[in-house]
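Here are some friendly notes to read alongside the structure. They are meant for someone opening it for the first time.

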Number of protein chains: 2
Amino acid sequence: MPENINIDDMPEVIAGYLNERNFGSIRELFESMEPADIAQLLGEIDDSRLPILFRILPKELAAETFVEMDSDEQELLINAFNDRELKDVIDELFVDDAVDLIEEMPANVVKRILRHTDPETRSAINEILRYPKDSAGSIMTTEYVSLRPDMTVSDAFDRIRRTGVDKETIYTCYVIAGNRKLLGLVSVRELLLSDYNTIVSDIMETNIISVETTEDREDVANKFDKYDFISLPVVDKENRLVGIVTFDDAIDVLREEHSEDIQKMSAVSPSDENYFKTPVWKHAKNRIVWLLLLMLSATVTGTIINNYQAAFTAAPILVGFIPMLMGTGGNCGSQSSTMIIRGLALGEIRPKDIAKVLFTEVRVALISGVTLALVNCVRIFIMYKGDDPLFLSVTTGLSLVGIVVLAQCLGALLPVLAKLCRLDPALMAQPLITTIMDAFSCFIFFNIALLIMSRGFV
Amino acid sequence: MPENINIDDMPEVIAGYLNERNFGSIRELFESMEPADIAQLLGEIDDSRLPILFRILPKELAAETFVEMDSDEQELLINAFNDRELKDVIDELFVDDAVDLIEEMPANVVKRILRHTDPETRSAINEILRYPKDSAGSIMTTEYVSLRPDMTVSDAFDRIRRTGVDKETIYTCYVIAGNRKLLGLVSVRELLLSDYNTIVSDIMETNIISVETTEDREDVANKFDKYDFISLPVVDKENRLVGIVTFDDAIDVLREEHSEDIQKMSAVSPSDENYFKTPVWKHAKNRIVWLLLLMLSATVTGTIINNYQAAFTAAPILVGFIPMLMGTGGNCGSQSSTMIIRGLALGEIRPKDIAKVLFTEVRVALISGVTLALVNCVRIFIMYKGDDPLFLSVTTGLSLVGIVVLAQCLGALLPVLAKLCRLDPALMAQPLITTIMDAFSCFIFFNIALLIMSRGFV
């Protein structure tokens with residue numbers, strides 16, 4: 001990026017050049033930028049000027065920029081392209097990027113794209129589109145360097161030089177047999193450090209970590225995290241190599257899964273769309289279903305409270321403690337569920353560890369619950385001097401301990417149960433736990449209060 | 001990994017071999033595994049057997065496995081090593097891994113490690129240790145391939161062959177001047193596709209995306225996500241190359257920041273330790289501070305409720321609606337704060353966009369609030385036929401709309417304010433918003449109820 005122009009001023013600078021029809025300066029500016037930055041810049045510029053600006057880009061840079069753009073801008077451009085321009089962009093795309101594009105476009109645009117794709121690429125695209133969403137197959141690319149085991153290092157370099165320019169990565173080469181079975185892999189580093197006459201099968205790595213086409217893409221991303229590979233081979237059930245996943249796809253998956261997780265954990269239906277590009281009605285739709293569900297579940301708590309009207313009309317001061325108790329129950333439940341959800345996602349916790357988890361959570365809950373009860377007791381003796389502080393602190397203290405223990409056990413149990421039922425554990429986070437704990441907190445509190453009142457303990 | 005042995009059975013198989021003193025089979029087994037898998041396996045085996053098993057590993061594999069182990073196991077091993085063994089492992093570590101190790105070890109172990117490090121590495125380690133935690137400098141490594149601009153491609157390959165074996169990545173080479181200023185970079189792919197006599201400065205890329213030593217490591221990771229690079233150069237204020245960050249470090253940062261985010265968003269003090277390896281008192285400590293803070297804040301809500309005792313002793317049925325209203329306020333606030341926190345983290349939303357965000361959230365809130373109020377009205381006319389359903393649905397309906405609008409505005413405002421105050425926006429998530437909204441929800445509800453009652457509207 002040119003150092004003398006601030007990124008925030010770019011749209012104005014470009015608009016100025018455009019008004020002067022000074023295309024040379026725009027081209028020069030673009031050539032000094034990374035594709036991702038050009039795409040971001042084009043996203044901030046008026047849509048009507050997008051096709052003119054895009055046509056200023058040199059061919060290869062144009063395709064690289066196109067890949068980085070938002071899908072609505074891609075669609076706008078495709079509709080503005082003539083057939084020649086469309087073919088130029090499509091020809092430069094890697095297969096996995098072409099698949100991403102096709103998945104986002106409406107049917108008529110897809111047809112037009114496929115018409116301008118060469119037959120070989122079209123069949124690769126169609127193959128990838130067959131794999132289920134979120135599978136390894138759906139994020140792989142078919143552009144990798146394959147070697148034969150009997151090649152020499154010198155042959156291997158010849159092949160890389162000849163075919164490498166079109167491959168997504170050349171740094172890990174895959175050694176396959178005639179039937180496409182994956183035999184091993186060899187890195188360019190290993191090739192560079194070996195003698196030219198060495199036979200590939202003598203230096204290839206045969207302990208291969210591979211993934212199957214149907215494996216979940218989050219598990220694939222976790223493998224990149226664990227093993228630090230540049231690419232991972234994707235094989236079918238017969239161990240035939242069908243594609244590779246590269247580390248940049250893994251980073252994308254991690255980011256998307258992160259967004260999805262925290263949205264689910266806050267009761268928002270997951271969406272990977274840009275905040276400002278999502279229409280208001282869609283924002284509302286992504287949130288309303290959960291809000292309605294949680295609102296209606298909260299009526300259970302309301303019903304419980306109504307059943308104890310006798311208790312709180314006798315001692316109305318009790319009502320003031322409800323938010324504190326419900327809040328603590330919700331917070332404890334959401335704390336432990338978060339720890340467990342994260343542990344499950346990272347593979348630190350397995351469903352069979354549930355007894356160990358519960359034992360940990362109960363001990364943590366006893367420490368937390370007793371601490372909270374003591375602090376609460378001090379507060380009550382300060383703030384409620386005239387209102388029978390002993391009764392209040394015993395009632396709320398016992399309730400706190402009970403609520404905290406129950407909340408942390410539920411927070412630990414529900415995500416594990418979800419996992420066992422093949423649901424996403426992240427659904428069992430704060431919103432659901434809070435709603436459940438609201439009901440239990442009131443139930444525990446009023447029962448303890450009634451018990452103590454009926455025994456005439458105070 | 002050997003296909004005939006299940007990973008879950010490994011610890012038993014190894015223990016069996018160990019009892020038979022069949023070290024050959026163990027070594028063979030280890031040699032067929034990835035270092036990360038061996039480390040995981042060793043973590044599941046009794047600590048007393050760790051040193052014996054570790055000594056069975058061949059030298060290079062031993063160092064690679066050591067890097068992947070948990071810090072308590074690393075400490076145990078170092079204490080069991082003699083000086084020769086320690087030096088063997090340390091010599092094989094990359095500088096950034098050595099730094100990670102040193103940061104985790106107690107002072108006496110650190111001294112011993114540094115004593116067995118060669119002077120050059122020691123000074124590199126000390127330099128990296130000087131950078132602030134979470135900065136680009138703290139996660140970089142100093143082992144990169146540097147080239148001179150006047151080298152030929154053939155010279156470059158010679159240099160890579162000669163020095164590459166010790167470098168963390170060879171695939172991006174950095175071209176520097178005599179004063180270490182970064183002039184450009186060239187990929188091995190580009191080198192392989194060029195003629196041997198080409199001069200490096202003719203093919204090097206001079207539009208360089210680099211990071212400064214003090215840049216936040218999360219911003220560095222986001223650059224990997226945006227640009228898909230294998231490595232990024234780290235430069236000082238004078239644009240002198242001081243190190244590189246590789247994509248695997250970026251993946252680690254993304255994972256750690258993800259854990260940190262969702263822990264903060266659930267009011268758990270962030271910790272990257274394994275769930276089961278964290279002692280119970282530490283789990284409790286990570287949670288209690290927030291619980292206490294939130295419990296005490298909830299007393300504000302309690303006080304508000306106590307102030308309206310007149311209202312709910314006159315109409316005790318109102319109390320039953322408190323959980324539903326507080327719950328909805330908390331859920332809406334946490335939904336919008338999550339969207340904004342995520343948008344800020346991804347760079348989709350900038351603090352200056354706040355007006356645009358508020359405009360979006362108010363519209364979303366009106367749609368959600370009115371929908372919830374209508375559904376709630378239907379529910380009340382069904383469930384509270386005998387209890388003045390008109391009064392109840394008008395009161396709760398108006399409250400719902402007010403609460404949802406306020407919750408979504410607060411949920412949007414607080415993270416942006418945090419960002420402006422240089423706090424982590426993730427702190428402004430569900431637990432805090434819920435607690436604040438509890439108080440506001442009660443306040444809004446009782447005031448609307450009193451207003452309607454005093455006007456004799458029903």
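1. A definition to begin with: two strands count as paired if DSSP finds at least two bridges between them. With that in hand, look at chain B, where three strands form an open sheet in the order β4-β5-β6, with mixed pairing. The edge positions belong to β4 (211-212) and β6 (241-246) of chain B; each has a single partner strand, so one side of each is left without a neighbour in the sheet. Please keep in mind throughout that this is a predicted model.

2. Staying with this sheet, strand β5 (residues 231-235) of chain B pairs with β6(B) in the antiparallel sense, over five bridges. As background, strands of a sheet pair through backbone hydrogen bonds, either parallel or antiparallel.

3. Another pairing in chain B is also worth a visit. Strand β2 (residues 172-176) of chain B and strand β3 (residues 182-187) of chain B run antiparallel to each other, joined over five bridges. Here C173(B) stands opposite V186(B) in β3(B).

4. Most residues other than glycine have a negative phi. N239(A), however, has a positive phi, near 65°, and sits in the loop between β5 (231-235) and β6 (241-246) of chain A. D228(B) likewise has a positive value, with phi near 60°, and is placed in the loop between α15 (217-227) and β5 of chain B.

5. D228(B) has 20 other C-beta atoms within 10 Å and is buried. The cut-off for calling a residue buried is 20 or more such atoms, so D228(B) qualifies.

6. Now for a helix in chain A. Which residues of helix α7 (residues 83-92) of chain A are buried? They are L86(A), V89(A) and I90(A). These residues cover an arc of only 95° around the axis, which puts them on the same side of α7(A). What they pack against is a set of helices of chain A: α5 (59-68), α6 (71-80), α8 (95-104) and α9 (107-115).

7. Stepping back to the whole of chain A, the domain assignment gives domain 1 (7-130), domain 2 (146-246) and domain 3 (280-454). Between the C-alpha centres of domain 1 and domain 3 of chain A the distance is 51 Å.

8. Next, the contact between the chains. It takes 97 residues from chain A and 97 residues from chain B. On the side of chain A that touches chain B, helix α17 (residues 280-307) of chain A gives the most, with 17 residues. That side of chain A divides into 49 nonpolar, 32 polar and 16 charged residues.

9. How are the two chains related to each other? Chain A superposes on chain B by a rotation of 180° with 0.0 Å of shift along its axis, at an RMSD of 0.0 Å. That is the relation of a two-fold axis. Of the interface residues of chain A, 100% are also interface residues in chain B, so the copies meet through the same surface.

How values were computed
Residues are numbered from 1 along each chain as its sequence is written. Chains are lettered from A and ligands numbered from 1 in the order in which they are written. This is a predicted model: local features need pLDDT of at least 70, side-chain atom pairs count only at pLDDT 80 or more; totals for chains, interfaces and linings use all residues. Domain bounds come from an automatic or database domain assignment. Two residues are in contact if their C-beta atoms, placed from the backbone, lie within 7 Å. Helices (H or I, at least four residues) and strands (E, at least two) are DSSP runs, numbered from the N terminus. Ala, Val, Leu, Ile, Met, Phe, Trp, Tyr, Cys and Pro count as nonpolar, Asp, Glu, Lys and Arg as charged, and the others, Gly among them, as polar. Copies are superposed by least squares on the C-alpha atoms of residues with pLDDT of at least 70 in both. A residue is buried if 20 or more other C-beta atoms lie within 10 Å of its own, exposed if 12 or fewer, and partly exposed in between; C-beta atoms are placed from the backbone. The arc is that of the directions from the helix axis to the C-beta atoms.
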